[in-house]
Amino acid sequence: MLSDRSRPVIEATLPVVAEHIEEIAQRFYAHMFEGSPELLDGVFNRGNQAEGTQQVALAGSVAVFASSLLETPEQVPERLLSRIAHKHVSLGIRPDQYQVVHDNLFWAIAEVLGEAVTPEVAAAWDEVYWLMAYALTHQERGLYSSRGVRAETVWRPWRVEERIAETDDVVTFVLGRADDRLVKTSLPGQYVSVQALMPDGVHQPRQYSLTRADDGRHRQISVKRVRGGGAPDGEVSNLLFDTVDVGDELTMSLPFGDVVLDDSGRPVVLASAGIGITPMAGMLSHLAASGSRLPITLLHADEQESSFALRGQVLEDVTALAHARAHVWYERGARSDLPVDGVHEGFLDLDDVELPDDAVYYLCGPMPFLKATRSALLERGVPARDVQYEVFGPDLWQADAMTEPATGATARPAPVGQSA
């Protein structure tokens with residue numbers, strides 16, 4: 001809880017800090033990497049740095065956290081913190097690194113805001129930072145403990161046992177454990193971080209959803225080649241796609257991620273677009289392996305049938321489930337040879353299907369798809385708490401942190417081939 005001394009200071013300065021937070025974040029990252037370049041080796045995604053998305057995500061999360069301390073002082077934005085904490089532990093983040101972030105962040109605040117940062121203002125924002133940092137380190141400590149690891153031991157070697165070409169730009173890797181240490185199985189919907197050694201000698205981490213239920217000895221991920229971004233955009237996906245083959249080893253983290261299947265026994269609706277099918281494939285695999293008899297609805301949008309990655313596995317699992325059905329939408333025409341219940345042309349449209357009552361919804365895909373689909377569900381009266389979404393990369397939306405999510409959006413999803 002924010003102290004009575006700091007509350008009026010944060011209320012008075014939040015607008016100006018929020019106005020400059022992106023510039024603060026840019027200065028912060030540049031200064032931190034200049035002083036601690038080792039953080040770009042295995043910890044921070046330099047592709048996100050080049051695009052500026054990490055700076056925007058940091059700015060948004062700090063502003064949301066500070067706002068929540070003012071608006072709901074008795075609670076913190078748990079889902080926002082959970083999302084960040086899971087990403088941190090998948091990268092092996094340590095508590096001592098929060099001090100490094102603090103020192104560089106407050107240098108940047110002073111640089112940008114100048115004389116406006118009085119000792120009183122600095123003390124109040126210092127309190128906000130450490131409230132957020134302590135909340136995150138508490139969650140991260142619990143996550144490490146639940147896996148029986150420390151930050152230093154979150155990484156394990158895995159050997160590629162099978163490489164499967166899914167589409168022209170998506171490949172699946174089936175990996176087997178390369179050491180004898182026990183590994184706990186994943187939860188349906190979770191991801192792992194892959195730490196790739198780049199040609200310049202720097203390790204770069206990326207997160208990939210687990211696309212099949214695992215037994216602790218085998219894991220499966222699917223990688224989409226990111227084209228056209230130029231270095232460093234897509235550098236890891238292209239390296240994995242072009243160079244990794246059967247017999248090679250990958251360094252992967254243990255599974256983490258807070259968007260996992262609800263175990264309440266309610267109907268499940270999985271809605272995805274493009275490569276957003278990957279966490280849905282993992283969830284469906286878990287459901288099929290457990291012989292679930294829940295009502296399950298898969299809704300997937302893609303450019304065309306040939307670009308629908310993992311379609312064989314996904315629809316095999318749908319067929320195996322007693323009460324599952326699938327609908328697909330293709331931008332290039334309503335034609336399909338797959339065993340689905342409905343084929344539609346264009347973008348995913350919830351008006352094309354009948355949705356079950358009291359369902360839990362899981363969304364994954366490009367940001368325009370997420371926003372439009374979530375808004376359509378909220379307009380139908382689905383509670384925001386029953387709609388979970390997974391974002392690939394920094395969460396630039398943070399809809400889970402909004403106390404009153406906007407409805408009525410009319411934006412249509414972008415073509416999945418442009419942003420999936």
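**Confidence, helices and rings**

Guide: This is a predicted model, with a mean pLDDT of 90 for the chain and 92% of its residues reaching 70 or more.

Visitor: Are α1 and α3 roughly parallel or roughly antiparallel to each other?

Guide: Start with the packing: helix α1 (residues 7–35) and helix α3 (residues 53–71) have their axes 8 Å apart, at an angle of about 170 degrees. Angles over 145 count as roughly antiparallel. So α1 and α3 are roughly antiparallel.

Visitor: How is α3 placed against α6: roughly parallel or roughly perpendicular?

Guide: Helix α6 (residues 119–147) packs on α3 with the axes 10 Å apart and an angle of about 100 degrees. Angles from 65 to 115 count as roughly perpendicular. That makes the pair α3 and α6 roughly perpendicular.

Visitor: Which residues of α6 make that contact with α3?

Guide: From α3 come Ser61, Val62, Phe65, Ala66 and Leu69. By class, the contact of α3 with α6 has eight nonpolar residues, one polar and no charged. The α6 residues are Trp125, Val128, Leu131 and Met132.

Visitor: At what angle do the axes of α1 and α6 cross?

Guide: Val9, Ile10, Thr13, Leu14 and Val17 in α1 meet Glu120, Val121, Ala124, Trp125 and Val128 in α6. Those residues divide into eight nonpolar, one polar and one charged. The two helices are roughly perpendicular to each other, and their axes, which come within 10 Å, cross at roughly 85 degrees.

Visitor: Now the rings: which residues do ring pairs link into a cluster?

Guide: Rings pair if their centres lie within 6.5 Å, and the count comes to seven aromatic pairs. Ring pairs link a cluster of Phe28, Tyr29, Phe33 and Phe44.

Visitor: Over the face of which ring does Arg83 lie?

Guide: Another arginine, Arg163, lies over the face of Phe241, at 5.6 Å from the ring centre. For Arg83 the distance from the ring centre is 4.4 Å, and the ring is that of Tyr389.

Note on methods: Residues numbered from 1 in each chain as written. Predicted model: local features only at pLDDT ≥ 70, side-chain atom pairs only at ≥ 80, totals over all residues. Heavy atoms only, no water. Phe/Tyr/Trp six-rings, centres within 6.5 Å; stacked < 30°, edge-to-face > 60°. Lys NZ or Arg CZ within 6 Å of the ring centre and 35° of its normal. Axes fitted to C-alpha atoms, helices over the stretch in contact; angles between N-to-C directions. Helix = DSSP H or I, 4+ residues; strand = E, 2+ residues; numbered from the N terminus. Parallel < 35°, antiparallel > 145°, perpendicular 65-115°, else oblique. pLDDT = per-residue confidence, 0-100. Contact = heavy atoms within 4.5 Å. Nonpolar A, V, L, I, M, F, W, Y, C, P; charged D, E, K, R; others polar.
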